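Subject: Structure handover

Hello,

Here is the structure I said I would pass on. My notes on it follow below.

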Amino acid sequence: MTAQRQQPPQTGSKSLFRLVIAAITLAALPPVGAPAATTQRIISDRFSGLAIDGFDPVSYFVDGKAMPGLPDFEASQGGVVWRFRNEGNRASFLAHPEVYGPQFGGYDPTDVARGVTVAGNPRFFVVVEERLFLFNREASRDAFAADPGRYLPRAEARWPALEDDLPQ
C-alpha cells in the first residue's frame, strides 16, 4: 500500500488573505464612470454631483460670504446640482446663472491665467465686477484681489482652449 500525501485542509486565513489582496487592488483602481472633479467643466463633487460643495452661489453676492445651501432648495443647471439657502436665491440663480455661477467653472483664475485648470475652493472667493471667482489657495485669492487686471485678461484668453479640453 502506497502512502498518499494528504493536502492540508484550506484554512480560513488563506481565503481571508486572498480577499484582502483583492479588496486592496480594487480600492486602488479609480472608480469607473466617476471623473475627478478637476476634469469637469463646472467643479462638482464626483459622488453627489453638487456644485461648489453645496454652497449657495447667490449667498456670495447677497450675504458677502460662503453659506451652505439646503437640500430643500436645489436646481440642476449645467450638468450639476446647485443648492440654495432659499427659494429667492434659487430663482435668482436660474434667471441668471452666468452672473451667479463661479467664473471659469469654479477653477482658480490665477491658474487658468497660467494655462492650467486647478479646482477652486468655495471658501476662498472674491466677487469682482459682479462676478464670482473661486481660488485654490488663500494666497491666490489675495494676489487676485490685489490686482484682478493682472490675471483676468490672461485667464479670459486661455479659458476657451482649457474649457474645450474638459469633458462635458
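Is Glu-74 buried, partly exposed or exposed? Glu-74 counts as partly exposed, because its relative accessibility is 30% and the partly exposed class lies between under 20% for buried and over 50% for exposed. Please keep in mind that this is a predicted model.

Salt bridges

Side chains of opposite charge can pair when their charged atoms come close. The structure holds 6 salt bridges. One of them joins Glu-74 to Arg-83, with 2.6 Å between the closest N and O atoms.

Asp-111 takes part in two of the others that I noted. Its partner in one is Arg-114, where the closest N and O atoms are 2.6 Å apart. Both residues sit in helix H5, 3 residues apart, which is about one turn of the helix.

Arg-137 counts as partly exposed because its relative accessibility is 38%. Taken together, Asp-111, Arg-114 and Arg-137 are linked in a network of salt bridges.

Aromatic pairs

A pair of aromatic rings is described by the distance of the centres and the angle of the planes. A search of the whole structure finds 10 aromatic pairs. Among them is the pair of Trp-82 and Phe-93, which is tilted, with 4.8 Å from centre to centre and 40 degrees between the planes. This pair links distant parts of the chain: Trp-82 lies in strand E2 (residues 80-84) and Phe-93 in helix H3 (residues 87-95), 11 residues apart. Trp-82 counts as buried because its relative accessibility is 2%. Phe-93 is buried as well, at 0% relative accessibility.

Another tilted pair is formed by Phe-104 and Phe-133, with 6.1 Å centre to centre and 40 degrees between the planes. Phe-104 is in the loop between H4 and helix H5 (109-114), and Phe-133 is in strand E4 (residues 131-135); the pair links distant parts of the chain, 29 residues apart. Phe-104 and Phe-133 are both buried.

Phe-104 and Phe-133 also belong to a cluster linked by ring pairs, together with Tyr-107, Phe-135, Phe-144, Tyr-151 and Trp-159.

The largest pocket

How much space lies in the largest pocket? The volume is about 210 Å³. The pocket is lined by 13 residues, and the closest to its centre are Ile-42, Pro-97, Gly-101, Pro-102 and Gly-105. Helix H4 (97-100) and helix H7 (148-165) each supply at least two residues of this lining. By type, the lining divides into 6 nonpolar, 4 polar and 3 charged residues.

When you open the model, two places to start with are the salt-bridge network of Asp-111, Arg-114 and Arg-137 and the cluster of rings that includes Phe-104 and Phe-133.

Regards

How values were computed. Residues numbered from 1 in each chain as written. Predicted model: local features only at pLDDT ≥ 70, side-chain atom pairs only at ≥ 80, totals over all residues. Heavy atoms only, no water. 1 Å grid on protein atoms, 1.4 Å probe; cavity = no way out; pocket = protein on both sides within 12 Å on 5 of 7 lines; lining within 4 Å. Points joined across faces, edges and corners; volume = space filled by probe spheres on them. Helix = DSSP H or I, 4+ residues; strand = E, 2+ residues; numbered from the N terminus. Nonpolar A, V, L, I, M, F, W, Y, C, P; charged D, E, K, R; others polar. Phe/Tyr/Trp six-rings, centres within 6.5 Å; stacked < 30°, edge-to-face > 60°. Buried < 20%, exposed > 50% of the residue type's maximum accessible area, 1.4 Å probe, protein only. Salt bridge = Lys/Arg side-chain N within 4 Å of Asp/Glu carboxyl O.
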